[in-house]
Amino acid sequence: MANSIQSEKEDDLDDISLTHEELLKVTKSTLHELLKDDIILNDLPSDVTLEEVEALTAVFFGQSITVIVRRGNDDDIPIIVKQKNSTVSDLKRAFQRAMTLKLRRQGEFCKISWKHVWRVYWLSCDGCKLDSNNGLLKDYGVVNKSKIKFVPKLKKKFR
């Protein structure tokens, strides 16, 4: 009896045909419902990426840290980087990914010259410039919830 009911349900599901757009809509809706009830992942946006889920899970289990990067306009952006052996370069790449994703979600499609950004600005933590891309974040005193800000690089004048 139970097998025949199971079989009927499977037959009903086989008759349902969805377009790609409808399937995406159902999947996003279901994912949003699942995420809003999760204590770890409930503050993620509905168009979450796998990378964001993995990063937030790593923070929860103590494998990564969250660093707050403050842009010049007082816009704080939380960046997640691995806790062990993360370098300044890792932080910069994580910031680039976060900014690109943030701009895309806002509907802004602009190309940022990151080479120019890193040539013009230092990242700074508690007044200490993160001046070596290969330098470990822990050597600069960057820990969980550290505040990082952009500091303009000063040009050296030769006399």
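Me: Before we look at single residues, where do the cut-offs for buried and exposed lie?
Reply: Happy to start there. A residue is buried under 20% relative accessible area and partly exposed in between the two limits. Exposed residues are those over 50%.

Me: Is Ile16 buried or exposed in this model?
Reply: Keep in mind that the model is predicted. Ile16 sits in the loop that links α1 (2–15) and α2 (20–36). Its relative accessible area is 52%, and the limit for this class is over 50%, so Ile16 is exposed.

Me: Stepping back, in what order do the helices and strands of the chain run?
Reply: The chain holds five helices and five strands. Reading from the N terminus on, the order is α-α-α-β-β-α-α-β-β-β.

Me: What share of the chain's residues is buried?
Reply: The chain has 159 residues, and its accessible surface comes to about 12000 Å². Carbon and sulfur atoms account for 54% of that surface. Taking under 20% relative accessible area as the limit, the buried share of the residues is 27%.

Me: Is Ser64 buried or exposed, and which residues does Ser64 contact beyond its neighbours within four places in sequence?
Reply: Ser64 belongs to strand β1, residues 64–70. Its relative accessibility is 8%, and the cut-off is under 20%, so Ser64 counts as buried. Leaving aside neighbours within four places in sequence, its contacts are Ala58, Val59, Ile80, Val81, Lys82 and Gln83.

Me: Moving to β3, which residue of β5 stands opposite Trp122?
Reply: Strand β3 covers residues 121–125 and β5 covers residues 147–152. The two pair in the antiparallel sense over five bridges. Across from Trp122 in this pairing is Val151.

Me: And in β4, what is the bridge partner of Cys125?
Reply: β3 also pairs with β4, residues 128–129, again in the antiparallel sense, over two bridges. On the β4 side, the partner of Cys125 is Cys128.

Me: Which residue in the turn between β3 and β4 has a positive phi?
Reply: These two strands form a hairpin with two residues between them. The turn residue with a positive phi, about 50°, is Asp126.

Key
Residues numbered from 1 in each chain as written. Predicted model: local features only at pLDDT ≥ 70, side-chain atom pairs only at ≥ 80, totals over all residues. Heavy atoms only, no water. Helix = DSSP H or I, 4+ residues; strand = E, 2+ residues; numbered from the N terminus. Buried < 20%, exposed > 50% of the residue type's maximum accessible area, 1.4 Å probe, protein only. Areas by Shrake-Rupley, 256 points an atom, 1.4 Å probe, with all protein chains shown as cover. Pairing = 2+ DSSP bridges. Contact = heavy atoms within 4.5 Å.
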